[in-house]
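Me: I'd like to go through this model with you, side chains to begin with and then the pockets. Could you keep the cut-offs in view as we go?

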Amino acid sequence: MEVYTYLDNRKTTFRPQARLLKKRSYKAHKVNKTSFSQEHIFSTYNIYEVHQKTKQLAESFGAYFDILFQKLTWYFRHRFFSVLFYTGIMTCAVIFSWSLISLKAYYSGLGSNVELEYLSPQEIEVLDKVMNDFALLQTDKVDAAGNLLVDGQALTIADINLSQPVTYSEYTIKNGDTISGISQKFGLTNISTLIAVNDIGNVRQIRAGQKLKIPSTDGLIHTVKQGDSIESLSVRYGTPVENILDVNNLDSVTLKEGQQLFIPGARLSVTDLKKAMGELFILPLSGRYRISSSFGNRQDPFTGVASFHTGVDLAIAQGTPIKAAMSGKVAAVGYTNVYGNYVIIDHENGYQTLYAHMYKPSPLSKGTRVAQGTQIGMVGSTGYSTGPHLHFTVYKNGKLIDPMTVLK
């Protein structure tokens, strides 16, 4: 290679210098290339080795997690869901069985006759004796209208004087006193007089030490309202106008609103009297029931022989709550082969009630006081019984009466 230059009109060649430069450049490039290649190869080898180990490690972890995932998947698929599935089936089966049992019990109580097994005369006699022992006789002698009885006969309003002005006395109740006893002591003929004059809502709430206002004759206190007149009160209570004027010592027939008059000879209605005496029964069951056997003579369901049924059978679903028909004190709680689990309540006014065939023993104990409507047990079919029902018996002064007459 020749290079010509025309600087200063001189011809110069750089061939030797060019070769020398080329040679030097080649050697430098070779040295740099060799050095670069060794370092590159070394670093590439190291990276490859690390990559391989990382790859192997990653593959081992991947395989481990893959196996773990497969095992978990298999477990949940074949174990968890299987257990869940069979548990659901068993739960549904239990609920379905329970529903069938409840439905059967319901229809057995409402859709078919509930009959008692045959009772021998000896068993009935023993049971009646037990009931009579709990049926404490009432010493007070009054009729359904509250009239005091003398030799079995009720005193009438004609036996007392209704023309004298009424006077009042005060009496402090003592232990052992009764409404009828106090009435008789002060010459009254009807217990509704003391109840009405003293505004007694429940005679069993009267306690020793309490003071009573005692009128000198039988009658009620009436508070005059707008529109009342002597004539209208006379018609309403069936008392002559002259008696109302005389007893209240009135000079005029003109009445004032709010004025209190004593109406001689008047008395509480039978319903109000029973309410005050606590003799109004409530149905011991809530819900739809059926009378499967009434009180009185019936044909024995097994022998066909005529027998006497001591109460009324109310057929209803098992487990239905049984309530006290009236407030009183528990006289007995127990079990007999005849009536199964039973409760007897003494109502302290001549009435006693029996609740039989209970599902399980009553949680109440003898001597416990219960209010009207208190739950005392549940309907069952224990004792001589072929289906869930309540046998309900009522005694009045030691004698059986038809429960439906007081329930009405």
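Me: Which side chain does the side chain of Gln352 make a polar contact with?

Reply: The side chain of Gln352 makes a polar contact with that of Asp346, at 3.1 Å; a polar contact here is a pair of N or O atoms within 3.5 Å, where within protein one must be able to donate a hydrogen and the other to accept it, and residues adjacent in sequence count only if both atoms are side-chain atoms. Please keep in mind that this is a predicted model, in which local features need pLDDT of at least 70 and side-chain atom pairs count only at pLDDT 80 or more, while totals for chains, interfaces and linings use all residues. Residues are numbered from 1 along each chain as its sequence is written, and side-chain values use heavy atoms, with hydrogens and water left out.

Me: Where is Gln352, and is Gln352 buried or exposed?

Reply: Gln352 is in strand β14, strands being DSSP runs of E with at least two residues and helices runs of H or I with at least four, both numbered from the N terminus. At 1% relative accessibility Gln352 counts as buried, a word that means under 20% relative accessible area, with exposed over 50% and partly exposed in between (1.4 Å probe, protein chains only).

Me: OK, rings now. How many aromatic pairs are there?

Reply: The count comes to five aromatic pairs, where rings of Phe, Tyr and Trp (its six-membered ring) pair if their centres lie within 6.5 Å, and planes under 30 degrees apart count as stacked, over 60 as edge-to-face and the rest as tilted. Phe281 and Tyr351 have ring centres 5.2 Å apart and planes at 80°, so this pair is edge-to-face. The pair links distant parts of the chain, 70 residues apart, with Phe281 in the loop between α7 (270-277) and β7 (290-293) and Tyr351 in strand β14 (residues 351-358). Both Phe281 and Tyr351 are buried.

Me: Which residue lies over the face of Tyr351?

Reply: Lys396 does, at 4.2 Å from the ring centre of Tyr351, and Lys213 lies over the face of Tyr168 at 4.3 Å; the rule asks for NZ of Lys or CZ of Arg within 6 Å of the ring centre and within 35 degrees of the ring normal.

Me: Switching to pockets, which element gives the most to the lining of the second largest pocket?

Reply: That is β5, with four residues. About 350 Å³ of space lies in this second largest pocket, and of the 18 residues that line it, the closest to its centre are Ala196, Leu220, Ile221, Leu268 and Asp272.

Me: How is a pocket defined here?

Reply: On a 1 Å grid over the protein atoms alone, a pocket is an open set of points with protein on both sides within 12 Å along at least five of seven lines, whereas a cavity is a set where a 1.4 Å probe fits but cannot get out, and lining residues have an atom within 4 Å of a point. Grid points are joined across faces, edges and corners, and the volume is the space filled by probe spheres set on the points.
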